[in-house]
Amino acid sequence: MKIHELIRSRRSIFPDQYVDRPVAKEDIEMMLEAANWAPTHRKTEPWRFKVVQKQGLVQLGEFLCNKYKETTPKDKFSEFKHKKMLQNPQKAGAVILICMQRDEKERLPEWEEIAATAMAVQNMWLTATELGLGAYWSSPGLIQYMHEFVDLAPGERCLGLFYVGHYEGEHPEGQRQDIAEKVEWIF
């Protein structure tokens with residue numbers, strides 16, 4: 001598949017769509033290697049990833065649902081959401097914690113390091129698409145507590161959970177508005 005076709009094919013494939021089939025370590029490594037080639041200002045390479053698989057997925061689900069229950073006011077608590085927090089990680093073949101390591105000298109604005117990390121995730125996502133894997137970047141409010149689940153270095157923070165899994169059925173089609181409506185040419 002040519003790069004333009006691959007970009008147009010990238011979609012969010014959610015954990016409910018995954019089938020019970022492990023994701024090969026080699027596929028995850030290929031995704032991570034692609035992530036490592038994202039653009040990075042001042043060569044800070046701020047992306048950090050923590051791969052959760054097998055029993056770790058059960059532990060992640062338990063952590064998320066317990067933290068949700070602990071931090072959500074009773075009047076806003078949803079049993080459906082609580083159950084989903086527990087089950088979603090276990091539906092995935094892997095969950096990759098997307099982390100960003102802030103340049104300790106703060107030589108550039110933080111948003112640039114976040115943007116570089118997001119580009120790394122896009123590279124992972126495109127690779128997952130090429131491999132026929134489903135992927136989804138989730139950024140629940142609970143990511144602010146991920147330091148309680150995994151060790152984060154000083155200046156490192158979690159930006160989201162990247163779910164990866166095999167799926168069956170039709171690959172979803174995408175829709176976009178015409179690019180001409182989003183571009184202004186200045187001569």
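Q: Which residue of β2 is the bridge partner of F49?
A: I98 is the bridge partner of F49. Keep in mind that this is a predicted model.

Q: What makes β1 and β2 (residues 94-101) a strand pair?
A: Pairing takes at least two bridges between two strands. β1 and β2 are joined over 6 bridges, so they count as paired. The sense is antiparallel.

Q: In what order do the strands of the open sheet run?
A: The order is β1-β2-β4-β3, with 4 strands and antiparallel pairing.

Q: Why do β1 (47-52) and β3 (134-138) stand at the edges?
A: Each has a single partner strand, so one side of each is left without a neighbour in the sheet. Neighbouring strands of this sheet are turned by 25 degrees against each other on average, direction ignored.

Q: Which strands does helix α2 (residues 25-35) touch as it packs on the sheet?
A: α2 touches β1, β2 and β4 (156-165). Its direction makes about 170 degrees with that of β1.

Q: How do you know whether the span of α3 is close to the expected one?
A: Compare the two values. α3 has 17 residues, and 24 Å is expected at 1.5 Å a residue. From first C-alpha to last, α3 reaches 24 Å, which is close to that value.

Q: Why is K67 called buried?
A: Buried means under 20% relative accessible area. K67 has 5%, so it counts as buried. K67 lies in helix α3 (residues 55-71). Other buried residues of α3 include L60, F63 and L64. The buried residues of this helix pack against β1, α4 (79-91), β2 and β4.

Q: What does K67 touch, not counting residues up to four places away in sequence?
A: K67 touches L142, Y145 and E148.

Q: What makes the link between the side chains of K67 and E70 a polar contact?
A: The cut-off is 3.5 Å for a pair of N or O atoms. The K67 and E70 side chains are joined at 3.0 Å, so the distance is within it.

Q: Why is the pair of W185 and F187 called stacked?
A: Ring centres must lie within 6.5 Å, with planes under 30 degrees apart. Here the centres are 6.3 Å apart and the planes are at 5 degrees, so the pair is stacked. Both W185 and F187 are exposed.

Q: Which residues do ring pairs link into a cluster?
A: F14, Y136 and Y163 are linked this way. The whole structure holds 6 aromatic pairs.

Note on methods:
Residues numbered from 1 in each chain as written. Predicted model: local features only at pLDDT ≥ 70, side-chain atom pairs only at ≥ 80, totals over all residues. Heavy atoms only, no water. Helix = DSSP H or I, 4+ residues; strand = E, 2+ residues; numbered from the N terminus. Buried < 20%, exposed > 50% of the residue type's maximum accessible area, 1.4 Å probe, protein only. Contact = heavy atoms within 4.5 Å. Polar contact = N/O pair within 3.5 Å; in protein donor to acceptor, adjacent residues only side chain to side chain. Axes fitted to C-alpha atoms, helices over the stretch in contact; angles between N-to-C directions. Expected span 1.5 Å × (residues − 1). Phe/Tyr/Trp six-rings, centres within 6.5 Å; stacked < 30°, edge-to-face > 60°.
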